[in-house]
Amino acid sequence: MRLVSSAAATRPIGMRRTSKFARTLSAVAAGDLTLCVDAAYRGKFAVLKGAINETVERLSATIQTTLADVDLVARAINMGADNLSKLTEEQASSLEESAATTEELAASVKASA
């Protein structure tokens, strides 16, 4: 009888401990990487706390790195597009000059003939 009542008495403590873990993991699942398990634990609960907090930290770092990489690639693409635009404008200008010179040459040939 004593063992049963002892187990029943520890159940609320275990539930409180695991509810903090569940709250943090639910936040991570929802995309919130700002929560961590901050209560002090011993034994296997301390190991679980460490694993959860490290997972949250690594996910956050990975997302930050990915966002920085995406920003860098976006800037590189933007610079490439700007360069392409400038080169296209220069080519168009050069083509207009060539067309004007060709027209002048054609007019000169007609006048000489």
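Me: Are Phe21 and Tyr41 buried or exposed?
Reply: The model is predicted, so local features need pLDDT of at least 70 and side-chain atom pairs pLDDT 80 or more, while totals for chains, interfaces and linings use all residues. Residues are numbered from 1 along each chain as its sequence is written, and side-chain values use heavy atoms, without hydrogens or water. Relative accessible area sets the class: under 20% is buried, over 50% exposed, and in between partly exposed (1.4 Å probe, protein chains only). Phe21 and Tyr41 are both buried.

Me: What is the relative accessible area of Tyr41?
Reply: Tyr41 counts as buried. Its relative accessible area is therefore under the 20% limit. The value is 13%.

Me: Which residues form the largest nonpolar core?
Reply: Nonpolar side chains tend to be buried together in soluble globular proteins. A nonpolar core here is a set of buried Ala, Val, Leu, Ile, Met, Phe, Trp, Tyr and Cys residues joined through side-chain atoms within 4.5 Å. The largest one has five residues: Phe21, Val37, Ala39, Tyr41 and Ile52.

Me: Which residues does Ala39 contact, leaving aside neighbours within four places in sequence?
Reply: Contact means heavy atoms within 4.5 Å. With those neighbours set aside, Ala39 is in contact with Lys20 and Lys49.

Me: How are the rings of Phe21 and Tyr41 paired?
Reply: Rings of Phe, Tyr and Trp (its six-membered ring) pair if their centres lie within 6.5 Å; planes under 30 degrees apart are stacked, over 60 edge-to-face, the rest tilted. The whole structure holds three aromatic pairs. For Phe21 and Tyr41 the centres are 5.1 Å apart and the planes at 45 degrees, so the pair is tilted.

Me: Where do Phe21 and Tyr41 lie?
Reply: Helices (H or I, at least four residues) and strands (E, at least two) are DSSP runs, numbered from the N terminus. The pair links distant parts of the chain, 20 residues apart. Phe21 is in helix α1, and Tyr41 is in the loop between α1 and α2.

Me: Which residues do ring pairs link into a cluster?
Reply: Tyr41 also pairs with Phe45: centres 6.1 Å apart, planes at 40 degrees, so this pair is tilted. Phe45 is partly exposed, at 25% relative accessibility. The cluster is Phe21, Tyr41 and Phe45.

Me: What joins the side chains of Thr34 and Asp32?
Reply: Thr34 sits in the loop between α1 (2-29) and α2 (44-112) and is exposed, at 68% relative accessibility. A polar contact is a pair of N or O atoms within 3.5 Å; within protein, one must be able to donate a hydrogen and the other to accept it, and residues adjacent in sequence count only if both atoms are side-chain atoms. The link between Thr34 and Asp32 is a polar contact of 2.4 Å.

Me: Which residue forms a salt bridge with Glu54?
Reply: A salt bridge puts a side-chain nitrogen of Lys or Arg within 4 Å of a carboxyl oxygen of Asp or Glu. Here the closest N and O atoms are 2.7 Å apart.

Me: How many salt bridges does the whole structure hold?
Reply: Asp71 and Arg75 meet in another, at 2.7 Å from N to O. The search finds two.
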